[in-house]
Amino acid sequence: MRVPSVFLIGAAIAVSACDAGSVSNASAHAKNAHDIRLAHDIRLVLDTTVVSARVASGATLASILRAQNIMASEVTELVLRAGAVFDLRKVRRDQPYRLEKTPQGTVRRLEYEIDGDRFLRVVRSPAEVLVADILPIPKTRRVEIVRGQIDREHSSLVAAMDAAGETIDLTLALADVFGGEIDFSTEVQPGDQFQLTVEKQFRDGGEFGGYGPVLAAEFLNAGRRVRAVRYAPEGGSPGYYDERGVSMRRFFLASPLKFQPVITSGFSRSRLHPILREYRAHLGVDYRAPAGAPVVAVADGAVISAGPSGGSGRMVHLRHANGFETEYLHLSSIAVRPGAHVRQGELVGRVGATGLATGPHLDYRLKRNGVFVNPITAHRSMPPAEPIPDPQMVAFAAARDRALALLAASAIARVGNRNAPVQ
């Protein structure tokens, strides 16, 4: 995909009168130029205009085409062809597109970047028919090592990863790897360190094109070393496992928030309510977090309810296996519907201050067999998921040793170089 500004592709062909000795050649040229007379100098302009821009707020594919003076019949056909391979309701603001058109208002080619991996292409075939496809964005890949440290200047995982020159996407990926083992809301402290090997993707020209999977990671948390390796058991999907082959995925995530928030009010049977100014039970944990921060399901489950709930504001209520239920209160927005099934780590809403709230925060509650319990202590006692089956442990151990050796060797060989490609 090519983005930047708007430009015009054009070419002028000047044909001059020729002498009597080149009459036959002139005749051949004239025929190829649609029998244009050569007695006068003329200029032929190639009829192609290319527009590269980004989708404006509120724009649709149809409105983009109409703004570029594409014929109405052409707009209808292109929208029909494109809509057959891509949901045009998902055309998003600020995504780049490139349109090649003629002065007559027909389309030669349209390319729209769906996301970092795919683009929509609509091109006119030799038979003068518009053909639509979704194609992968060409990329090269290489594995790199990333290191970071929590300190006074970079007191959160977000800040430490940013200091390492990486984006929020890698922060989220690392939080997902260790989300069942470390509560990034409360347990990260100065002196903690992390390092990981990750696949990075680059577009033509060397432009960064996003992250692939984290391959191995290590987190030193309060003197405790936690390691994880990505591995796909035979007949299963890739997941993350510790050195013993035990899945990093717990029944419950350590927190419904990825990182950075702090607990402002704990589980209590008697707490002074900050608005009502009376003592009552607080049957959850309050996390202070920025408005709009993502709130995720701590485990697989079904949505019992999702909507306004009196003093609880906008609330999502989930039912999980083994008699567990979770509630997420005071949300600014809700991302799920009643009756839907959600996966662990899936977005259910965003932090807000709806209902009886003095500011943006998440009130997170956990029930077991219909009784509210303290989420912090309950999460710590959750069992891990299934380990690697015994018959596959030899294969896992070999893959684990290779991944951790690469991580360790890269760390030793590249001391002082925070991010370096792994050869």
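## Strand β10 and its partners

In this predicted model, strand β9 (residues 139-149) pairs with β10 in the antiparallel sense, and 11 bridges link the two. Within this pairing, V198 of β10 has E144 standing opposite. Strand β10 itself spans residues 193-203 and is mostly covered, with nine of its 11 residues buried.

Strand β10 is also joined to β11 (residues 208-221), again in an antiparallel arrangement, through nine bridges. Here Q201 stands opposite G210 in β11.

## The hairpin of β10 and β11

Four residues lie between the strands in the hairpin formed by β10 and β11. In this hairpin G205 adopts a positive phi, near 95°.

Most residues other than glycine have a negative phi.

N69 is located in the loop between α2 (61-67) and α3 (72-83). Is this residue buried or exposed? N69 counts as exposed because its relative accessibility of 63% lies in the range over 50%.

N322 is placed in the loop that lies between β20 (314-319) and β21 (324-334). With a relative accessible area of 57%, and the cut-off for exposure set at over 50%, N322 is therefore exposed.

Conventions: Residues numbered from 1 in each chain as written. Predicted model: local features only at pLDDT ≥ 70, side-chain atom pairs only at ≥ 80, totals over all residues. Heavy atoms only, no water. Buried < 20%, exposed > 50% of the residue type's maximum accessible area, 1.4 Å probe, protein only. Pairing = 2+ DSSP bridges.
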